[in-house]
Amino acid sequence: MATQPPASVDPFGPEFLWGVATSGFQSEGHAPDSNWVRYIARSGYEAYGDSIDFYDRYGSDLALARAMGLNVFRISIEWARIQPQPGQWDEDGFRFYDSLLDAIAAAGMRPMVTLDHWVYPGWRADRGGWNDAGMVDDWLANACTVVDRYAARKPLWVTVNEPVAYIVHEEQQTGVTGPVIEERIAAVHNGIHDYIHHVQPDALVTSNIGYVAGSETQVNQPVVDRIKDRLDYIGVDYYYGADDPNAPPPGDRQIWELPLQPEGVYYALRHYARQFPGKPLYVVENGMPTQNGQPRPDGYDRADYLRDIVYWLQRARMDGMNLMGYNYWSLTDNYEWGSYTPRFGLYTVNVRTDPALTRTPTDAADAYRTIVHAGGVPRDYLPTRPPLACSYVDPPSSCDDPVTLPPCAVL
């Protein structure tokens, strides 16, 4: 039965975690040899250059995050940077991450550390990547070294970013079969979860799930079932809705052409709240893509989308979901796995045309600052895009038990 809509929405309290999500390879630049450096060279992807050069500019980027009042900053610690050869650890690589984590703490933020954001060293690619059974031991050796060095900083941990999307891309690039890599990714997640808790007993560890509107159970559930006993919080990435089951499949459209359905984040959270009653939930990634920073054809701007998303987060908390935090993807535009055309950043960066890599605020930067300082959208806020009467984000639940707005909101 549909939940009755509240006349107003309550703000989040001071315990709520507001953050931004980034990844090392996509933003750092100065990339060492890795599987992704090789994919770019052989796949016809756009040249990487030095991305947005977060490696040299993290101090000023963290200042932008601090100015918004954020209290979480997600990074990944790149295996290729700290172990360029088997058995060889690079102290310069570690010193970079030492300094970055120091700066995150100095900016009053808690780190969220991802151990694998789809990138591994070139020497590991030479050994077959995930096709090789030895990947599990090599992966864990690296991850344990990272945990030993950084557990005292009390990060939130993400083991493997969006496992299913990772699996699909590795299948395409290396020929590894899905069941093989699924089993091995589950093994490294479960193994490092236990090791993290050995070193940091109060740790919170997840593997963030890239929610697939319309087919979440079919796509992600097999991986979830393998790791469900070792998830301290449920990390959900939500980007796109599913408003028409007859629409062209996602693979036939550019990502900025996929439907944005902000109330879908409510359904995605509800999907996992029902599967893991009481378990903390965290939106690890959410954002709006544009094509080269141009206005979207549907007229939706990033600030309105962000406010609409946060409204539905507040509704989720009011309906009893144990939502602990939200990260916007991403602080700045970056290298979106083969191209600089998709733009998600709160701050846009024109990598192709601006050698200075200037960070220019979008309308959403100020909107997010206002949201964070207020603990959410105003009590009387109503979304600029009303929810669909029958959504396919989580069928049949999202159609049979839809969220609605207060009656006066639709007059």
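Two strands pair if DSSP finds at least two bridges between them. With that in hand, welcome to this predicted model.

Let's start with the sheet. Nine strands form an open sheet with parallel pairing, in the order β5-β4-β3-β2-β1-β10-β8-β7-β6. Its edge strands are β5 (205-206) and β6 (209-210), and each of them pairs on one side only. The table gathers some of the pairings.

| Strand pair | Sense and bridges | Residues facing each other |
|---|---|---|
| β4 (residues 156-160) and β5 | parallel, two bridges | tryptophan 157 and valine 205 |
| β6 and β7 | parallel, two bridges | glycine 210 and aspartate 237 |
| β7 and β8 | parallel, four bridges | aspartate 237 and glutamate 285 |

Now look at β7. Are its faces covered or open? Both are covered: Ile234 and Val236 are buried on one side, and Gly235 and Asp237 are buried on the other. Strand β7 also belongs to a right-handed β-α-β unit, together with β6 and helix α10 (residues 216-227). Another helix, α11 (residues 264-275), lies across β6, β7 (234-237), β8 (281-285) and β10 (323-329), and runs at about 135° to β8.

Finally, visit a pair of helices. The axes of α3 (residues 54-67) and α5 (residues 91-106) come within 10 Å and cross at roughly 10°. Because angles under 35 degrees count as roughly parallel, α3 is roughly parallel to α5. Which residues of α3 meet α5? They are Phe54, Tyr55, Tyr58, Leu62 and Arg66, and their counterparts in α5 are Phe96, Ser99, Leu100, Ala103, Ile104 and Ala106.

Methods. Residues numbered from 1 in each chain as written. Predicted model: local features only at pLDDT ≥ 70, side-chain atom pairs only at ≥ 80, totals over all residues. Heavy atoms only, no water. Axes fitted to C-alpha atoms, helices over the stretch in contact; angles between N-to-C directions. Parallel < 35°, antiparallel > 145°, perpendicular 65-115°, else oblique. Contact = heavy atoms within 4.5 Å. Buried < 20%, exposed > 50% of the residue type's maximum accessible area, 1.4 Å probe, protein only. Right-handed = clockwise from strand over helix to strand, strands pointing away.
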